[in-house]
Amino acid sequence: MPYVDRQNRICGFLDIEENESSGRFLRRYFILDTQQGSLLWYMDNPQNLPAGADIMGSLKLTYISKVRHLSCLFAVINAGMRKFYLQANDQQDLVEWISVLNKATKITVPKPGDVHAETPQEVLGAMKQVSYKMEIIGGVPIITATQEQGEGQNGADRGGLKRGQNQLPYFLSRGTQDQTVVKAGYCVKQGALMKNWKRRYFMLDENAVSYYKSELEREALRVIPLKEIYKVQECKQSDLMMRDNLFEMVTSTRTFYVQSDSPEDMHSWIKAISGAIVAQRGPGRSANTVGIQIPGEVPEPEIH
């Protein structure tokens, strides 16, 4: 979901067809900067990239004539002679991005005497309700906005199938898992020694939090048993670390700092891990209520 970062910009992940008519969608981190009047996209959140990392693409808001809904997951940006096709994680994500982009393109310099100019928070908070209709075309349900005329079904065919944030790795999607998977998806974690940040595929089951190099890996880089986690909460040092959507898992030997892609995803991870701990230990013994004195942290050797 789009969110407002510490620099007052609207940010989040979308897939974009960078090369026109290629049909290939790439996941990019978008930044809508209404102060600079531009829409930028990067390979990843710039907080996770080396200083001076290249921008993958950009659009001046003045070049955007309209952002239109194509289907339940697809939209198109009309910018002069070029069309940029976008794919979102879910329908709500797409609706919010369309709303903030269309609203941003209509922002003008306030005239003298104007009392109020909208902030990005207000743009996100002023989402209009959009009604939808569903049609069965070729045996496939297609959801379209009734307030807009779509551009046909070509957009829905671009890019093929998309892996969801909570979809399991291939080796766990065939009924081979021994544990019940509660939540899975990509996050960024800080290393113990080098303090660098790397994107990892996290998986929570009824006994542990594990992370992998990618969703295709069979062996976990590390498994953190739930019984060793004493606290999971939003990180109080996020401002010092200059990281958005940061939460921490505290054990007796180390605090794991984990960055999610959005505030909603961060709170979802905290709730899921806390709930799994409560289910394992019983009511009244959640991660935040276990009365154990945590000794000083001693970082463990780690190369992940």
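Buried means under 20% relative accessible area, exposed means over 50%, and partly exposed lies in between, with a 1.4 Å probe and protein chains only. The model is predicted, so I note that local features need pLDDT of at least 70, side-chain atom pairs count only at pLDDT 80 or more, and totals for chains, interfaces and linings use all residues. Residues are numbered from 1 along each chain as its sequence is written, and side-chain values use heavy atoms, with hydrogens and water left out.

**Entry on β2**

I checked how far the burial goes: seven of the seven residues of β2 (residues 10–16) are buried, so the strand is largely enclosed by the rest of the structure. Strands (E, at least two residues) and helices (H or I, at least four) are DSSP runs, numbered from the N terminus.

Next I looked up the partners of β2. Two strands pair if DSSP finds at least two bridges between them. β2 pairs with strand β1 (residues 3–4) in the antiparallel sense over two bridges, and Y3 stands opposite C11. β1 and β2 form a hairpin with five residues between them, and N8 in the turn has a positive phi of about 70°. With strand β3 (residues 26–33), β2 pairs in the antiparallel sense over seven bridges; here the bridge partner of C11 is I31. Strand β8 (residues 82–87) is also an antiparallel partner, over two bridges, and Q87 in β8 stands opposite D15.

**Entry on the rings**

I then turned to the aromatic pairs, and the structure holds eight. Rings of Phe, Tyr and Trp (its six-membered ring) pair if their centres lie within 6.5 Å; planes under 30 degrees apart count as stacked, over 60 as edge-to-face and the rest as tilted. The ring centres of F202 and W269 are 6.3 Å apart and the planes stand at 70°, so this pair is edge-to-face. F202 is in strand β12 (residues 197–205) and W269 in helix α5 (residues 263–281), so the pair ties together parts 67 residues apart in sequence. F202 counts as buried at 4% relative accessibility, and W269 is buried at 1%. I also noted one aromatic cluster, formed by F30, W41, F84 and W97.

**Entry on charges over rings**

Which charged end sits over the ring of W269? I found that of K183, 5.0 Å from the ring centre. The charged end of R243 sits over the ring of W197, 4.1 Å from its centre. The test is that NZ of Lys or CZ of Arg is within 6 Å of the ring centre and within 35 degrees of the ring normal.
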